[in-house]
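Here's a quick tour for anyone meeting this structure for the first time. Have a look at it, then read on.

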Amino acid sequence: MYQYNEFDHAFLRDRTAEFRDQVARRLAGELTEDEFKPLRLMNGLYLQLHAYMLRVAIPYGTLNAKQMRQLGVIAKRWDRDWGHFTTRQNIQYNWIKLDDVPDILDALADVEMHAIQTSGNCIRNVTADQFAGVAADEIEDSRVWAEIMRQWSTLHPEFTFLPRKFKIAITGSEHDRAAVKLHDIGLRMRRNEDGETGFEVIVGGGQGRTPIVGETIREFLPKQHLLSYLEAILRTYNLLGRRDNLYKARIKILVAAVGIEKFAEMVEEEWEAIRDSVLTLEPERIREIERHFAPPAYEEIAEPVVSFDAARFTDPAFSAWTRTNLFPHKQPGYAVVTVSLKPAGGVPGDATSAQMEALADLAERYSLGELRIAHEQNVVLPNVRKQDLHRFWHELGTHGLADANVGLITDIISCPGLDYCNLANARAIPIAQRISRHFADPALQAEIGPITLNISGCINACGHHHVGNIGILGVDKKGVEHYQITIGGIADENAAIGRILGPSFPAEEVVDAIDTLIATFRKIREQGEFFIDTVKRVGIEPFKETLYANH
Amino acid sequence: MKKKFEKQIMTANRLGDGAVVYLAADDDWVLSLHDAEVAESEEAAIRLEERAGLAMKQQKIVGPYLFAVAVSDRGISPISQREIIRAAGPTVGTDLPETTPLR
């Protein structure tokens with residue numbers, strides 16, 4: 001993991017001291033709310049429905065046990081004993097007092113964390129594949145590049161007041177687990193014909209009220225040019241992006257307006273002027289960052305691991321968990337574990353302070369001290385020895401963290417919705433809870449198979465409803481919460497926006513509607529077919545017909 | 001035709017902790033909307049706004065606004081779902097019963 005140097009530490013201390021002074025001046029009446037609001041937002045502090053909300057960055061979703069433990073301490077000491085992990089690999093605290101915030105920021109700085117650029121029209125927390133560095137299918141560890149981008153973008157003077165917020169995601173694997181095509185800039189690590197690694201650069205993706213799948217403007221960018229090319233894109237957007245209309249200010253609108261070819265031309269032209277500038281990444285600089293992400297001291301373990309296989313044969317519940325929650329590790333004898341934060345009837349992404357403490361302990365004992373946050377709102381322990389998995393799974397169970405549902409219908413992505421968010425039109429979490437209770441039977445979930453079901457409480461789409469195989473969008477219909485359903489959304493390398501099936505449903509009919517969609521799928525699927533493949537094969541009509549048969 | 005005036009109360013978030021508060025008599029900002037002062041006319045609503053403006057200057061509250069309510073024998077009820085949730089708290093969460101119903 002990246003370790004802060006003296007400059008980094010001093011910078012955070014100075015920043016917290018500055019905000020402490022700003023808070024004191026606000027409470028003393030020396031700053032009005034209009035003056036204070038931009039200052040608090042620069043430190044990730046929102047005012048939501050019930051209280052202040054603090055959004056903390058987890059850069060590229062990577063954190064160590066000490067950091068996870070501290071997140072739990074903050075939840076216990078300054079919040080209501082839990083935190084909410086988000087689709088941007090952040091954690092949000094929902095019940096924060098204003099005058100506690102400087103102390104919280106100090107506590108975060110103690111473990112090399114902060115809330116800078118988790119709000120505002122700047123480059124937000126860079127997100128990445130949660131399996132970066134350990135995935136067996138990886139071309140290269142994308143954390144190195146995410147860290148380089150983090151350092152470049154943090155307080156970048158030219159990009160502090162962009163037309164709108166700006167989101168970058170990166171994946172180092174062929175299979176995209178970071179939804180890179182749904183970001184302002186998406187980066188995919190690729191190999192060229194000479195075997196060199198570089199980046200495919202995608203721009204103009206995003207969700208919200210105008211969902212667009214990003215397009216490639218460069219098939220292969222040599223690594224040393226990453227920052228100069230990003231700078232060229234940002235500079236083009238900063239100059240031409242609309243500032244007169246909030247809803248048309250994202251880069252996706254600019255790209256759609258000028259066309260992808262023209263936009264690419266403008267970027268290339270800008271890039272020519274700066275490609276060999278100080279932004280060029282020298283090999284020594286790259287190596288310096290790579291050293292922070294050197295593989296840990298793995299043991300040499302021969303496969304197959306007999307005790308692991310034996311436990312799978314003798315313990316069906318464990319076996320079910322290994323089928324859904326494990327991912328192949330590049331190091332023999334190890335597995336990547338996704339810990340579900342989606343218990344039946346639970347709040348997607350919520351973890352109590354006790355669970356965060358437990359995850360920190362488990363990471364230290366079983367995962368070489370490291371954890372990740374997935375954009376699907378789960379926690380990953382990336383380095384667990386297969387011989388430890390059975391015991392590890394038992395221990396997870398004692399903390400309510402052993403649900404075997406990753407990638408299944410109850411692994412729901414949900415935004416906070418109207419229960420917490422000022423922007424929401426409808427609740428999202430209670431709908432997620434009802435659906436997850438309805439489909440709680442493990443056998444039923446296994447029979448349905450891999451599927452994504454995402455819920456947003458408003459058109460801003462923080463719950464990624466556009467790219468759920470089933471998407472649910474909360475809308476306000478004459479003062480009553482209603483829910484619009486889409487199917488066919490995909491968030492990976494084949495990214496697609498879901499299609500609306502028809503009129504929306506009131507809250508009490510949503511579970512039945514989802515049940516009807518699933519029943520339709522089970523009836524018309526071919527042997528072993530996944531939900532999304534059935535939708536691709538038959539289109540939305542059969543689903544639409546059964547869904548609205550009685551309406 | 002002039003739209004019929006809906007009864008309104010004044011709400012805001014308390015500056016220090018962000019808690020939802022309502023303007024009551026004597027310029028008190030209270031946690032329960034049942035204790036809020038109800039404006040029954042446009043003139044009364046304007047007076048609530050003036051008092052809220054003063055409270056903002058005194059660093060008591062942030063983001064004040066009026067919202068429509070119904071008043072009955074059982075007390076004051078918000079009309080919008082958003083204000084119902086603001087008044088009663090989230091309908092979900094780890095500190096709430098699993099069975100908290102949807103309204």
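## Helices on the sheet

In chain A, helix α3 (residues 65-78) lies across β4 (82-85) and β5, and runs at about 15° to β5(A). Helix α12 (residues 353-366) of chain A packs on the sheet too, touching β4, β5 and β13, with its direction at about 85° to that of β13(A). Touching, or contact, means heavy atoms within 4.5 Å. Angles run from 0 to 180 degrees between N-to-C directions, with axes fitted to C-alpha atoms, for helices over the stretch in contact. Helices (H or I, at least four residues) and strands (E, at least two) are DSSP runs, numbered from the N terminus.

This is a predicted model, where local features need pLDDT of at least 70, side-chain atom pairs count only at pLDDT 80 or more, and totals for chains, interfaces and linings use all residues. Residues are numbered from 1 along each chain as written, chains are lettered from A and ligands numbered from 1 in written order, and side-chain values use heavy atoms, leaving out hydrogens and water.

## The sheet itself

The open sheet has five strands in chain A, ordered β1-β2-β5-β4-β13, with antiparallel pairing (pairing takes at least two DSSP bridges). β1 (45-47) and β13 (350-352) of chain A sit at the edges with a single partner strand each, so one side of each has no neighbour in the sheet. On average, neighbouring strands are turned by 30° against each other, direction ignored.

Within chain A, β2 (residues 52-57) and β5 (residues 90-96) pair antiparallel over five bridges. Leu54(A) stands opposite Tyr93(A) in β5(A).
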